Amino acid sequence: MLLFGEFETGRDLGAYSTRQRFTVLRPRQSTDIGTVPVQLGTGPGETFFYRWRGRFR
């Protein structure tokens with residue numbers, strides 16, 4: 001299972017998300033989810049975070 005979301009970069013929620021065991025990407029960075037040819041990420045001014053749960057990662 002993939003849990004993900006985004007927040008406005010100016011809100012500076014990266015430290016909180018990291019403490020909750022999410023991976024926080026830099027603004028405008030994306031990640032390959034590996035199971036299908038799709039990348040997830042955000043646009044300008046937003047920060048993306050994600051966490052894999054289960055047996056896949």
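Leu3 stands opposite Arg51 in strand β5, where strands are DSSP E runs of at least two residues and helices are H or I runs of at least four, both numbered from the N terminus. The model is predicted, so local features need pLDDT of at least 70 and side-chain atom pairs count only at pLDDT 80 or more, while totals for chains, interfaces and linings use all residues. Residues are numbered from 1 along each chain as its sequence is written, and side-chain values use heavy atoms, with hydrogens and water left out. The protein contains one helix and five strands, arranged along the sequence as β-α-β-β-β-β.

**Sheet**

- Three strands form an open sheet in the order β1-β5-β2, and their pairing is antiparallel.
- β1 (2-8) and β2 (23-24) are the edge strands; each has a single partner strand, so one side of each has no neighbour in the sheet.
- Strands are taken to pair if DSSP finds at least two bridges between them.
- Seven bridges join β1 to β5 (residues 46-52) in the antiparallel sense, and Leu2 has Trp52 of β5 as its bridge partner.
- β2 and β5 are also antiparallel, with two bridges between them; here Val24 stands opposite Phe49 in β5.
- In a regular strand, side chains alternate between the two faces of the sheet.

**Burial and core**

- Of the 57 residues of the protein, 28% are buried; buried means under 20% relative accessible area, exposed over 50% and partly exposed in between, with a 1.4 Å probe and protein chains only.
- β5 is mostly covered, with six of its seven residues buried.
- The largest nonpolar core has six residues: Leu25, Ile33, Leu40, Phe48, Tyr50 and Trp52.
- The largest share of this core, three residues, is supplied by β5.
- Such a core is a set of buried Ala, Val, Leu, Ile, Met, Phe, Trp, Tyr and Cys residues joined through side-chain atoms within 4.5 Å.
- In soluble globular proteins, nonpolar side chains tend to be buried together.
- The protein exposes about 4,300 Å², of which carbon and sulfur atoms supply 50%; this area comes from the Shrake-Rupley method with a 1.4 Å probe.

**Contacts**

- Among contacts (heavy atoms within 4.5 Å) between residues at least 6 apart in sequence, 56% join residues at least 24 apart.
- Beyond its neighbours within four places in sequence, the core residue Leu40 is in contact with Leu2, Phe4, Ser30, Thr31, Ile33 and Phe48.

- Ser17 belongs to helix α1 (residues 14-19) and counts as buried because its relative accessibility is 6%.
- When neighbours within four places in sequence are set aside, Ser17 is in contact with Phe7, Phe22, Val24 and Phe49.
- Arg21, in the loop between α1 and β2, counts as exposed because its relative accessibility is 63%.
- The C-alpha atoms of Arg21 and Trp52 are separated by 9.6 Å, although these residues are 31 apart along the chain.

**Aromatic rings**

- The protein has four aromatic pairs; rings of Phe, Tyr and Trp (its six-membered ring) pair if their centres lie within 6.5 Å.
- Phe4, Phe48 and Tyr50 form one aromatic cluster.
- Arg51 lies over the face of Phe22, at 4.6 Å from the ring centre; this requires NZ of Lys or CZ of Arg within 6 Å of the ring centre and within 35 degrees of the ring normal.

Notes:
Rings of Phe, Tyr and Trp (its six-membered ring) pair if their centres lie within 6.5 Å; planes under 30 degrees apart count as stacked, over 60 as edge-to-face and the rest as tilted.
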